Amino acid sequence: MDKPPGRGVPLLRPEQYRPAIVQRFARVAQRLRASLPGAQIEHIGSSAVAGAVSKGDLDVAALVAPEEHAAAVQTLAALGYRETPDTLRAPALCMLDWHWPGEQHAVQVIARGSRFEMFIAFRDALRAEPALVAEYNRVKADASDLSEVGYRAAKSEFIERVLQARAMALPSL
């Protein structure tokens, strides 16, 4: 699955990234819980799914009450998180990045009850169906030689299909 630098999207097998990512998530979750009392902190994305290939990045969801969403984003920004450029931004969703060496991760601050809980629904669908994980791995491998935009489009198509099968629509980007 490894790709030479500059050739598409590099994918790692689970054994290449998952043990370190699980440990990193535990550290990040502890800090987020301390900073956002009452938030539900969830490991999302491919690295949260056993058997899934990944770029080796860590994605985290912080679910907060809708009326606390803006304050949660401000709290994380004050700690050094930066809003992710060129991503969907909505009153119920803000994507933030943390770039300290060895601790890089993304946090999706999500208002509870919003359509953006689909990040968790997709993760749960993969966790429940190993055949979906295998299919998702094939989609990612087939798209890994594409540009980052093409890779994301291929993933989005698959994610949308899975969510639609479970009656959850993918938010417009």
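This is a predicted model: local features need pLDDT of at least 70, side-chain atom pairs count only at pLDDT 80 or more; totals for chains, interfaces and linings use all residues.
Biologist: Where is Ser 47 found?

Modeller: Look between two strands. E1 covers 40–44 and E2 covers 59–64. Ser 47 is in the loop between strand E1 and strand E2.

Biologist: Is Ser 47 buried or exposed?

Modeller: The relative accessible area of Ser 47 is 1%. Buried means under 20%. Ser 47 therefore counts as buried.

Biologist: Which side chain joins that of Ser 47 in a polar contact?

Modeller: The Ser 47 side chain also reaches a backbone oxygen, that of Asp 57, at 3.2 Å. The side-chain partner is another residue. The contact is 2.8 Å, and the partner is His 43.

Biologist: Leaving aside neighbours within four places in sequence, what is Ser 47 in contact with?

Modeller: Contacts include Tyr 17 and Ile 21, both buried residues of H1. Arg 18 is also in contact with Ser 47.

Biologist: What do the buried residues of H1 pack against?

Modeller: H1 runs over residues 14–35 and reaches 30 Å, close to the 32 Å expected. Its buried residues include Arg 24, Phe 25, Val 28 and Leu 32. They pack against E1, E2, helix H2 and strand E5.

Biologist: How many residues does helix H4 have, and what does it reach from its first C-alpha to its last?

Modeller: H4 spans residues 130–143, which makes 14 residues. The expected span is 20 Å at 1.5 Å a residue. H4 comes close to that, reaching 20 Å.

Biologist: Why do the buried residues of H4 line one face of the helix?

Modeller: The buried set is Leu 132, Val 133, Tyr 136, Asn 137, Val 139, Lys 140 and Ala 143. Seen down the axis of H4, they line one face because they fall within an arc of 160 degrees.

Biologist: Which exposed residues does the face of H4 turned away from its buried side carry?

Modeller: The buried side is covered by elements including helix H3 and helix H5. The face turned away from it carries Pro 130, Ala 131 and Asp 142.

Biologist: At what angle do H3 and H4 pack?

Modeller: Phe 122, Ala 125, Leu 126 and Ala 128 in H3 meet Pro 130, Leu 132, Val 133 and Tyr 136 in H4. The axes are 5 Å apart. The two helices are therefore roughly perpendicular. The angle is about 110 degrees.

Biologist: How are H3 and H5 set to each other, roughly perpendicular or roughly parallel?

Modeller: Their axes come within 10 Å and cross at roughly 85 degrees. Met 118, Ala 121, Phe 122, Ala 125 and Leu 126 of H3 make the contact with Phe 158, Ile 159, Val 162 and Leu 163 of H5. H3 and H5 are therefore roughly perpendicular.

Biologist: What separates the C-alpha atoms of Met 118 and Leu 163?

Modeller: Met 118 is in helix H3. Met 118 is buried, with a relative accessible area of 6%. Along the chain, Met 118 and Leu 163 are 45 residues apart. Their C-alpha atoms are separated by 7.5 Å.

Terms used
Residues are numbered from 1 along each chain as its sequence is written. Side-chain values use heavy atoms; hydrogens and water are left out. Helices (H or I, at least four residues) and strands (E, at least two) are DSSP runs, numbered from the N terminus. Buried means under 20% relative accessible area, exposed over 50%, partly exposed in between (1.4 Å probe, protein chains only). A polar contact is a pair of N or O atoms within 3.5 Å; within protein, one must be able to donate a hydrogen and the other to accept it, and residues adjacent in sequence count only if both atoms are side-chain atoms. Contact means heavy atoms within 4.5 Å. The expected span of a helix is 1.5 Å times one less than its number of residues. The arc is that of the directions from the helix axis to the C-beta atoms. Axes are lines fitted to C-alpha atoms, for helices over the stretch in contact, and angles run from 0 to 180 degrees between N-to-C directions. Angles under 35 degrees count as roughly parallel, over 145 as roughly antiparallel, 65 to 115 as roughly perpendicular and the rest as oblique.
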